Amino acid sequence: MVYISTPDFSATCGWVGCTFGPWASGGIFDQPVPLEVSRFRLEAGAHVDRIRLGGTEAMIYVIAGSGTALAPPGDGERSALGPESVLWLSACDELTTDAGADGLDLMVARSTGPVPEGGFRPLRKVFVADELPHLVSTRDTRDRLDLVTENVPVGARAIRADRIVYHPGDTAAAHYHTDCHHVFCVLSGSGLLHTDEGPERLEAGMSVLVGPGEVHWFENDTGENFSFVEFWAPPPTQTIWTVTGDRCTWAPAG
């Protein structure tokens, strides 16, 4: 089964100049999924204290804007955040953040699944967009930025994520994953999700859960870019391409 949600990001909770809401979780989909994704939108100069991370693996992705973040315990040094930067936090309980003059739109994702053997190694590391692997599709014109993959040196064990842009006319190859939950949070534009259940129209702000073994692929049938962040939880060990000779491959950009 495929589960689609249109979350509400308009909640307030004592933080002046901030609205937030859950983007993807077991509660959103009413199905078990070892991942929780939330969105925080801060006005210019706004301060948000103690965003709960739970001491597992967490990824903070800047959708837009700029600011700073502090994740105690530590040396008290704040991490600078800019557009498409990633802050990786493992074994950290909470996050405090402040928006810059252009505001701050944050995606906060954390693992909620079983703790891997040996637990999580404490790590705090920020990557600006230019430090992250930037790839282009060899099949069409899609653009990919790796946020948490084997190519991003944080030793992630419970989460994998990247940001994908589908340009007009782009379409992926049909495939499925044997052993993971695949979660998509739509950033902008509109596109089609194809599954055995038929096509579904996705719009900015929506989220999707595709379960293990569910064949799926995306298509941008519009004249504007269609982009989303996709998560695998846990990272897949096997992807099956269902049409002989048709698969997605990637090459370094530039």
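View 1. The model shown here is predicted. Arg-142 forms a salt bridge with Asp-140. The closest N and O atoms of the two residues are 2.9 Å apart. Asp-140 is buried too, with a relative accessible area of 19%.

**View 2. Arg-160 and Glu-150 meet in a salt bridge.** Their N to O distance is 3.8 Å. Arg-160 lies in strand E12 (residues 160-166), while Glu-150 lies in the loop between strand E11 (143-148) and E12. The two residues are ten apart in sequence, so the pair ties those parts together. Glu-150 is exposed, at a relative accessible area of 58%.

**View 3. Arg-39 has two partners: Asp-105 and the ring of Phe-9.** The side chains of Arg-39 and Asp-105 form a salt bridge of 2.8 Å, N to O. This pair links distant parts of the chain. Arg-39 belongs to strand E3, and Asp-105 to strand E8 (residues 94-111). They are 66 residues apart. Arg-39 also lies over the face of Phe-9, 5.2 Å from the ring centre.

**View 4. Salt bridges join Glu-36, Arg-52 and Arg-110 in a network.** The model has 14 salt bridges in total.

**View 5. Strand E2 runs antiparallel to strand E3.** E2 covers residues 18-24, and E3 covers residues 35-42. Six bridges join the two strands. Cys-18 stands opposite Leu-42 in E3. Five of the seven residues of E2 are buried, so the strand is largely enclosed by the rest of the structure.

**View 6. Phe-184 and Phe-228 form an edge-to-face aromatic pair.** Their ring centres lie 5.5 Å apart, with 85° between the planes. The pair links distant parts of the chain. Phe-184 sits in strand E14 (residues 181-188) and Phe-228 in strand E19 (residues 226-233), 44 residues apart. Phe-184 is buried, at 1% relative accessibility. Phe-228 is also buried, at 1%. Which residues make up the cluster linked by ring pairs? They are Tyr-166, Phe-184, Phe-218, Phe-226 and Phe-228. The model has twelve aromatic pairs in total.

**View 7. The charged end of Arg-144 sits over the ring of Trp-250.** It lies 5.2 Å from the ring's centre.

Technical notes
Residues numbered from 1 in each chain as written. Predicted model: local features only at pLDDT ≥ 70, side-chain atom pairs only at ≥ 80, totals over all residues. Heavy atoms only, no water. Buried < 20%, exposed > 50% of the residue type's maximum accessible area, 1.4 Å probe, protein only. Helix = DSSP H or I, 4+ residues; strand = E, 2+ residues; numbered from the N terminus. Pairing = 2+ DSSP bridges. Phe/Tyr/Trp six-rings, centres within 6.5 Å; stacked < 30°, edge-to-face > 60°. Lys NZ or Arg CZ within 6 Å of the ring centre and 35° of its normal. Salt bridge = Lys/Arg side-chain N within 4 Å of Asp/Glu carboxyl O.
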